[in-house]
Each structure stands twice: as C-alpha cells, then as structure tokens.
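Welcome! Please take a moment with the structure below, and then let us walk through its charged side chains together.

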Amino acid sequence: MKFGLGKKLTALIVALGIVLGATAVVISYRTYSDSMMDYYTLLGTNLTRTLASQLDADALERYYETGETDEGYYETQDFIQSLVENNQVEYLYVVRPNGTGVTFLFDSDMETSTSGEYEEGGYCALGSYVELVGDFAANLDKLLAGEEVEPIIQNDESYGWMMTAMTPVRTEDGVMVAYVMADISMNDAMNTRQTFLILLSAVMALLTVVFILVFLLILRRQVLTPIDQLTQATGAFIQNNEQELLQGTAAVNVPEIHTGDEVELLAAAFRKMEEDMISYIRSLLEVTAEKERIGAELNVATQIQADMLPRIFPAFPERKEFDIYATMEPAKEVGGDFYDFFLVDADHLAVVVADVSGKGVPAALFMVIAKTLIKNHAQNREKLEDVFTHTNEQLCEGNDAGLFVTAWIGLLEISTGAFTYVNAGHNPPLLKRVDGNYEWMKARSGFVLAGMEGARYHELTDHLDPGDKLFLYTDGVTEAANSAEELFGSERLQAALNQRIDLPPQKLLTELKQSIDDFAGDAEQFDDITMVSLEYKGARGAENV
C-alpha cells in the first residue's frame, strides 16, 4: 500500500474542507458584492431617471444648437446641484453624444453667477466637448442610438472607483436628445467589500480547520482505530495460530469493539469469520484425512483392477498363430471398461470387451463381477450365446443400482480360423481382411447385460484368414471430445485405422491412442478408453516366423 486508509481519508477530508470553505467564501462574497452593486445601480438609475423626467427635450436641443443660456437653464442647474447635495453622488451631468465624444449641456460641478458666467473651477461648461474612452467609447453606438446602457464601473486614476449610471432623455416621439449621467464614488464600497472578503475568508478558514480536526478526531476514534485493531488481530490470528489452525485448536482473538455502528458489526463479522474458519479447518482436516485414506484405497483398487486385466505382452509368446494387444485407460482412478482374452483350450482363443454404465467405484465393482462371470462361463466351454444368457441372469439378480453392461465376445478356432461371436449392445468391431481396409462388422446386436431378465442372445459366425485383423473398442474412443465439444467419432476412427493397416497390434494401439490425445488436446477425458487389436496369422503362422 502506498497510503493507508487514515492518510487517504485525512487527505480527502482536508481537500473537501478546503473546497467547501472556498465555495462558501466565493458564494457569500458574490452574494454580498451583487447586493452592494444592485444598491448602487438602483441609486444611480433612480437619480438619473429623476433628473431626466424634469428636463425639457426641446430646451436641451436649443441649448445644444445655440450654446446660450436662459433663466430656465439656471433653474435646471440649481436643481441638479440640489440633487447632488441631497444624494450620495459625486457628479451629475447632462451630455449629448456627438461624433466620438459628448458635448456637455449641464454639469453639477459648474457654479454660475446671476450674470450667466461660469465661476472659476468649472471645466465642463455648456458646449464643452470631451472624447469618450474605455467602456464609454465601447458603448458609443448604443449612446448614439439612444439605447439603454448598463451602469459602468471603472477605476479612475484621479477619482478611484467610480460607477456611472446613464438614462436617455427623449422627445415625445422617442428621439434621444441627451443623456443624464451620474457618477457615484465606489471607493468606500470597494474597501468594504475587500474587508468583508478578508474577514469572511478568515472565519471560514478557522471553521474549516475546526471542522477538519473534529471530523478527524471522530474518524480516528470511531473508524480508524477499530479497523487497526481488527487488522492486527486478523494478522495475528493467522501468524500466531498457525500450528493451532493445523491442529484445529486455534482460538478467536478479535477484540470487543463497541462503536454502535457498522464498525461494531464488522468486528462481530470478523469474530464470526474466525469461528467459522476454525470450524472449517477442523472439518477440512477430517475431510483431508478421509480423502487421503480413500485415495490410498483407490490406489490399491486401481492396482487391483489393473492386475485383473491381462497386461503382460506378448500374452502368449509360445503361440505364433496370432498376435493380440490391449489397453484400458480409465477416466477416473478406477473404471467400468474391461477387456479379457484367454485360451479356452489349446485351439480356442476367447476375446472379450465390455463397458459398464457409469464410472468410478460402482462401475468398477460391477465390472469385476461381470468379467468374472463371463470368463467362468466361457471357460466351462459353454456356447457363447449361453455365456451371455447365463451372465445376464446372474447380473440381474439384486441389481438395485440399475447398472448394465454392453459387451462383445468372440471365440477364434486357431487351427481353422472359424470365428464365432455375440454382441450384447456393444459397439460393432472393425475387421480388416488381408487384402482390404478396416470395415465395420455389421450384425444385429442383442440387449445389454443386466438390462432385462430373460434376455436371449444368438451367436454369429465368420471366418478369419491369415493376415486378417480385428479391432475392438469401447465408446470412450468414439466419444472422446476436444475443447470445441467435437467428438472423435466413428469416421475418424475408421480413417485412423486405415492409415495404419500394416501396423502390428501393439504399435497400432499406441499410435491410435496418440491420435485420440492429439484430437482431444487439453479437454478432460470424459469416459474410459479401451481398445483391443487381434491379428490372425493362421495355423501355419508358427512356420512363417
């Protein structure tokens, strides 16, 4: 961690406090400033409108054209001066926009004698012309058009902050003849606003600091300290109780926390978690021990099952009339597939391949029974159809689990090549004639073993010539799937066999299993894979070797 929760929350609260304080200062200052400006704007506007309402537009036009005064002019001048004396205004004057400037008609700064002469000190006498600059020049078009102009606030080098309000004087038909202008000093207002800003900032800064300190104090006492306690207790629980956890004797060490909020609930949840963890580990130790025991037993069962199947090759090194090889790879520790081959007598070889429904231990147990019964009946030299008939009757007895077996058995007369076989719901084998490819042995199949009491099975006959090859398998071969859930299938199986028609049984099954593994890739094996390959070399095979 780069920063702890306390530092992150502290930084967040400080930033939030600063933002809130600054926002409050800005809003308060703007509200105060806008209120002050509204007051002075209203003062200037009312004053200029008052004077404008008392002026005669025709007289103003005459004063502008002639530049001569009369008795009414002096009365207006006196009225202007009285307005200045009785209101908070520095200057009050009447001008007429003229070109790029204005011509003065009245000015409160002018004092005239009864003779009509302007007293010394005045500089904006009737007819005086002044060029407009700054915001006034920018609003010149509006002035010339007689439009309303918002009060202008600017900082003058000589007079300081000044606000100028303006109201047009119009004739009865709406023609603008002059503008009444009032200059109001804003120095006191600006100083007051600055003082207000400083005091407001200081108060908000103090309140922000107090708020942050109080909040952090509450945060530390109610949240951070309890969380630290929980963190330390949890770390210590694992570190200090490692052996106790393995032995199932660890104890809860989360402290009692009473904050009356979610932190207290979190502490209770931590205590419950440690209690559940202790209970879980105890159960896990028991389950692990049981699993190890079962695993050991399954390893023994796997070995026993492997030992039950013929797995020493060559199986009959003294017999050169035929070559046989078989493999079985269970999907789990033990499987339900099985194969078998054995000599019934010196001239007859029996070959069996079968698949028990289901997987795992139940299928393996049923497989042991089925394999034993089939071999016992076959070695009693019963007919193959009777072997399956009797085996089916015995398997159906007490089969409450509802398991069944698909099986195929063949009997080869070694001296002549006569071949008898029975199919009990199993995949049909593939037969390769000496001068051909692998083809399916198409024949009607009987019902599965242990599937129904009273089922009857019938033998079929064929003949193997020297060089013929027989391939037996379970559905784990054709139903092997890849990651795209595609099946290996019967067509791929037949094609793979025909690509290897000259290979002997052991090499054939080795390469075929590699083809299946390459097709499946990383996909998990779903079913047991069992394969048997038999090559008949004939009665004279021993002489040709």
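## Overall picture and charged pairs

The model is predicted, so local features need pLDDT of at least 70 and side-chain atom pairs pLDDT 80 or more, while totals for chains, interfaces and linings use all residues. Residues are numbered from 1 along each chain as its sequence is written, and side-chain values use heavy atoms, leaving out hydrogens and water.

The protein has 14 helices and 16 strands, taken as DSSP runs numbered from the N terminus (helices H or I, at least four residues; strands E, at least two). Of its 545 residues, 42% are buried; buried means under 20% relative accessible area, exposed over 50% and partly exposed in between, with a 1.4 Å probe and protein chains only.

Now to the salt bridges, where a side-chain nitrogen of Lys or Arg is within 4 Å of a carboxyl oxygen of Asp or Glu. The count comes to 12, and here are some of them:

| Pair | N to O distance |
|---|---|
| Asp70 and Arg62 | 3.2 Å |
| Lys383 and Glu385 | 3.4 Å |
| Arg433 and Asp462 | 3.0 Å |

Arg433 sits in the loop between β12 (430-432) and β13 (438-440), and Asp462 in strand β14 (residues 460-463), so this pair ties together parts 29 residues apart in sequence.
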